[in-house]
Amino acid sequence: MTGIIEGPDGKFRCAWHGGLEDYRRYHDEEWGHPVTNDFRLFEKICLEGFQSGLSWLTILRKRENFRAAFAGFDFDKVALFGEDDIARCLADAGIIRHRGKIVSTINNARRAITLRDEFGSLARFFWSYEPQGHERPDVMDLETLRANPTTPVSTRLSKDLKKRGWTFVGPTTVYAFMQAMGMVNDHLEGCFCQPEIDRLRKDFKRP
């Protein structure tokens with residue numbers, strides 16, 4: 001098992017998209033692409049929190065509903081949410097109706113404002129945790145990926161966020177966020193996206 005499959009277009013990809021069209025597009029066009037937009041970063045870390053205990057595909061297919069429910073993940077707006085908004089979200093069948101995760105998103109929006117005020121942007125804070133070369137595996141294969149649901153860096157970032165009052169940001173959730181936002185390139189060896197992401201990351205201007 002290599003974790004790589006060939007698609008109908010003849011391209012070899014990480015197998016986790018399962019041949020599903022929407023999941024394949026996410027794999028090809030989004031996962032691992034470097035992100036600096038603060039609202040997109042906030043969206044990604046919040047949705048990774050909602051994903052805890054569920055499949056990412058479930059979240060992906062509800063993402064537009066989440067965006068509608070949480071003001072496009074504009075954390076300046078979400079920070080103002082109150083009990084009426086919590087009740088509205090709990091009644092919204094289009095999202096994950098988990099009170100703790102909904103309340104966490106509002107809390108994290110308020111923490112995000114504080115973080116932005118301190119660092120100038122969420123992007124500057126998060127990208128300051130980008131792993132150095134010696135902190136990355138020599139080869140990203142399926143065995144390595146499965147063996148490392150967390151990393152020392154994701155653990156450090158998780159601890160820092162928790163110290164700052166963020167919730168639902170454990171080391172596994174944070175590492176999934178790091179993978180999704182392009183802080184690391186975890187496309188497997190042999191996936192056609194891996195060299196493309198390497199190129200994007202090489203040309204990417206860090207905030």
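The centres of domain 1 and domain 2, taken over C-alpha atoms, lie 22 Å apart in this predicted model. The domain bounds, which come from an automatic or database domain assignment, are 1-32 + 190-201 for domain 1 and 34-184 for domain 2. With contact meaning heavy atoms within 4.5 Å, 13 residues from domain 1 and 17 residues from domain 2 take part.

Residues are numbered from 1 along each chain as its sequence is written. Local features need pLDDT of at least 70, side-chain atom pairs count only at pLDDT 80 or more, and totals for chains, interfaces and linings use all residues, while side-chain values use heavy atoms, with hydrogens and water left out.

| Item between domain 1 and domain 2 | Value |
|---|---|
| Buried area | about 1,300 Å² |
| Salt bridges | five |
| Residue pairs in polar contact (both at pLDDT 80 or more) | eight |

Buried area is the accessible area (1.4 Å probe) that two parts lose on being put together, summed over both. Carbon and sulfur atoms give 53% of this area. On the side of domain 1, Tyr 26, Glu 30 and Arg 201 supply 38% of the area buried against domain 2, more than any other three residues.

Glu 30 also forms a salt bridge (a side-chain nitrogen of Lys or Arg within 4 Å of a carboxyl oxygen of Asp or Glu) with Arg 40, where the closest N and O atoms are 3.9 Å apart. A polar contact is a pair of N or O atoms within 3.5 Å; within protein, one must be able to donate a hydrogen and the other to accept it, and residues adjacent in sequence count only if both atoms are side-chain atoms.
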